[in-house]
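Please look over the sequence and the 3D structure shown below, and then read the report that follows.

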Amino acid sequence: LNISHWLLGIEKYLGSAENLEIWKVQRRWTGEIEDPRSSERRRSNRNHSTYPRRKKKRLRNTLNMASEMVMPAPVCLIENTGKQLVANQEALKILSAHKNPLVVIAIVGLYRTGKSYLMNKLAGKNKGFSLGSTVQSHTKGIWMWCVPHPEKPNHTLVLLDTEGLGDVEKGNNQNDSWIFALAILLSSTFVYNSMGTINQQAMDQLHYVTELSDRIRAKSSPNANGIEDSADFMSFFPDFVWTLRDFSLDLEVNGLPITADEYLENSLKLKRGTTESDHNFNLPRLCIRKFFPKKKCFIFDRPTHRKKLGQLETLHDNELDSEFVQQTAVFCSYIFSNSKTKTLSGGIKVNGPRLENLVLTYVNAISSGELPCMENAVLALAQIENAAAVQKAIAHYDQEMSQRVQLPTETLQELLHLHQACEKEAIELFMNSSFKDVDHLFQKDLGAQLEKKRDDFCKQNQQASTDRCSDLLKDIFSPLEEAVKQGVYSKPRGYRLFIQKMQELKREYLQKPGKGIQAEEVLQEYLKSKESMTDAILQTDQTLTEKEKEIEVERVKAESAQAATKALEEMQIKNQQMMEQKERSYQEHVKQLTEKMERDRSQLLEEQKRTLTCKLQEQAHLLKEGFQKESKQLHNEIENLRRNMARPRTVCV
């Protein structure tokens with residue numbers, strides 16, 4: 001099968017070039033593309049002209065197969081050129097195609113410690129991320145592999161493999177700290193991979209964690225004291241998983257068995273003392289305890305004999321140490337079952353396009369010499385998505401109004417009711433798609449656009465009614481006008497015949513359906529335009545006395561005045577209806593905004609409660625270990641968090 005014809009057929013019927021672009025990107029990265037269908041189907045479907053006879057459902061299934069095979073191998077997401085970090089645009093295109101929520105797993109550690117092997121296992125493959133078999137670091141920058149999540153339907157598992165930290169060949173390890181920071185910022189689960197036990201050397205190698213507060217800003221403006229507390233970081237930091245490779249110790253303390261998690265907890269205990277050595281000992285442990293809300297530890301035996309380590313990609317499980325195989329399976333099972341969807345503050349689930357924007361924002365900040373700021377990144381993302389949410393809501397309004405409204409409507413109220421229903425749906429759509437709308441600027445923009453749309457529909461409705469009524473009047477009254485021209489009514493008693501005919505035609509006009517809101521006004525304008533003709537027939541009717549003619553003139557004037565009064569009353573009613581509609585629109589905005597703020601508030605409180613629980617637990621541990629100073633500092637953070645939780649929220653539109 002010619003692959004371009006195959007994709008062209010899918011694109012033609014489903015109207016999307018997105019997957020075609022992804023496949024092109026993959027061809028540049030992998031050098032080839034695999035057709036998901038069998039050789040038999042390839043032989044039988046060579047003729048592109050067969051596509052029109054296939055069902056759309058079958059095409060969608062084929063496209064879904066293609067989507068699942070979009071990434072047969074990892075691609076480099078963030079390149080480390082040696083001088084700076086650069087986001088790879090082709091990889092970003094692949095990432096942006098994944099619209100489902102993402103579970104993002106990032107792994108970091110010293111080079112040549114087997115990080116890539118674990119990530120390949122998470123992808124369900126033996127090959128993928130480069131393992132290498134020498135003392136050189138193989139992975140450069142941050143590589144990405146997007147695969148369907150094995151346990152969470154409609155979720156994508158994004159695996160980020162980072163280049164080995166501490167590679168002596170790099171000379172300048174400045175980018176190591178940035179890669180470490182980016183792995184934390186982008187992931188929902190952060191895996192730190194190291195060799196052997198958790199000793200001081202292992203902690204010293206984890207010095208990057210002590211630099212996080214110097215590399216990452218949680219808020220654009222720090223607290224009044226100029227310092228961000230750990231709650232700011234804990235609110236968006238990922239879960240922390242420490243994987244210990246080639247672990248050879250027995251897990252026991254004082255002769256009693258302990259779990260790997262208890263081993264990690266014991267290893268993170270602080271040392272009493274005030275010396276510089278004590279400070280250096282405590283600092284990385286304190287940072288891990290304070291920054292990461294959830295911590296987990298896994299140990300792994302050596303997978304096989306040292307000489308076979310370079311062949312791990314080709315070895316089957318029965319050729320590896322059975323304990324290692326079991327430990328790897330337990331690790332993968334935990335990641336699949338417990339790793340959370342990547343979310344931003346307020347419970348905003350991250351999908352491919354959102355992660356793409358975060359990558360760009362963070363990398364651009366680093367390249368420009370600034371610190372990546374979580375709050376600024378979220379606000380920048382909100383600007384993009386809220387603008388799109390406004391357009392999405394307007395497009396929905398336009399579509400629904402075009403389907404529901406048949407112009408002209410019989411009454412203004414009928415049109416306003418349809419507008420109100422479509423406006424409500426548009427606002428709901430915006431509320432569900434938007435977030436972090438500072439000062440409600442985008443909602444105000446939506447409101448202004450919807451108001452203009454309503455006014456435009458009112459004008460269109462008015463014009464449609466005017467055109468319809470004008471055409472009706474022309475059809476109904478043109479024979480009468482032609483008769484007047486022929487002099488049919490320029491005779492004795494002609495005026496009364498003319499008036500009778502006029503009344504008859506007016507009744508016919510008024511009985512016609514579908515005239516709209518301008519029916520009376522257009523009729524009166526028409527009658528007014530024919531006053532001279534009516535008066536001429538009146539004056540030429542010799543059967544009428546001067547007194548009768550005067551009476552008739554006054555009657556016509558009275559009818560005209562009565563019609564004008566009625567028109568004025570109708571105009572006042574329409575104005576009142578428009579004012580009431582504006583008020584209903586405002587109340588709908590307030591109602592939905594209040595509900596959204598309540599949902600956001602509840603979500604924020606849940607996040608703050610989880611953070612508060614973690615802080616209280618950490619404070620209890622510090623007190624138990626006898627660290628009064630650190631406990632007092634944490635107490636201040638806890639009180640600050642409680643004040644924020646108690647702060648009321650107001651609605652102002």
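## A buried strand and its neighbours

Strand 7 and strand 10 (residues 295-299) run parallel and are joined by five bridges, where strands, like helices, are DSSP runs numbered from the N terminus (at least two residues of E for a strand, at least four of H or I for a helix), and two strands pair if DSSP finds at least two bridges between them. Within this pairing, threonine 243 has phenylalanine 298 of strand 10 as its bridge partner. Strand 7 also pairs in the parallel sense with strand 6 (residues 189-195), over seven bridges, and here leucine 244 of strand 7 stands opposite serine 194.

This is a predicted model, in which local features need pLDDT of at least 70 and side-chain atom pairs count only at pLDDT 80 or more, while totals for chains, interfaces and linings use all residues. Residues are numbered from 1 along each chain as its sequence is written, and side-chain values use heavy atoms, with hydrogens and water left out.

How many residues of strand 7 are buried? Seven of the seven residues of this strand (residues 239-245) are buried, so strand 7 is largely enclosed by the rest of the structure; buried means under 20% relative accessible area, exposed means over 50%, and partly exposed lies in between (1.4 Å probe, protein chains only). Asp239, Val241, Thr243 and Arg245 point one way from the strand, whereas Phe240, Trp242 and Leu244 point the other way, and all are buried.

## Aromatic rings

The structure holds 20 aromatic pairs, counted when the ring centres of Phe, Tyr and Trp (its six-membered ring) lie within 6.5 Å, with planes under 30 degrees apart called stacked, over 60 edge-to-face and the rest tilted. The pair of phenylalanine 180 and tyrosine 208 is stacked because the ring centres are 5.5 Å apart and the planes are at 25°. This pair links distant parts of the chain, 28 residues apart, since phenylalanine 180 belongs to helix 7 (residues 174-186) and tyrosine 208 to the loop between helix 8 (200-205) and helix 9 (212-215). Both phenylalanine 180 and tyrosine 208 are buried.

Tyrosine 489 and phenylalanine 498 form an edge-to-face pair, with 5.6 Å from centre to centre and 70° between the planes. Tyrosine 489 is buried, at a relative accessible area of 11%, and phenylalanine 498 is buried too, at 0%. One aromatic cluster includes Phe180 and Tyr208, together with residues such as Phe240 and Trp242.

## Charges over a ring and salt bridges

A charge sits over a ring if NZ of Lys or CZ of Arg is within 6 Å of the ring centre and within 35 degrees of the ring normal. Over the face of phenylalanine 281 lie lysine 271, at 4.4 Å from the ring centre, and arginine 285, at 3.6 Å from the ring centre.

The count of salt bridges comes to 23, each being a side-chain nitrogen of Lys or Arg within 4 Å of a carboxyl oxygen of Asp or Glu. Lysine 452, which is exposed at 53% relative accessibility, forms a salt bridge with aspartate 456, with the closest N and O atoms 3.1 Å apart. Lysine 452 and aspartate 456 are separated by about one helical turn because they are four residues apart in helix 17 (residues 441-485). Glutamate 481 forms a salt bridge with lysine 530, at 3.5 Å between the closest N and O atoms.
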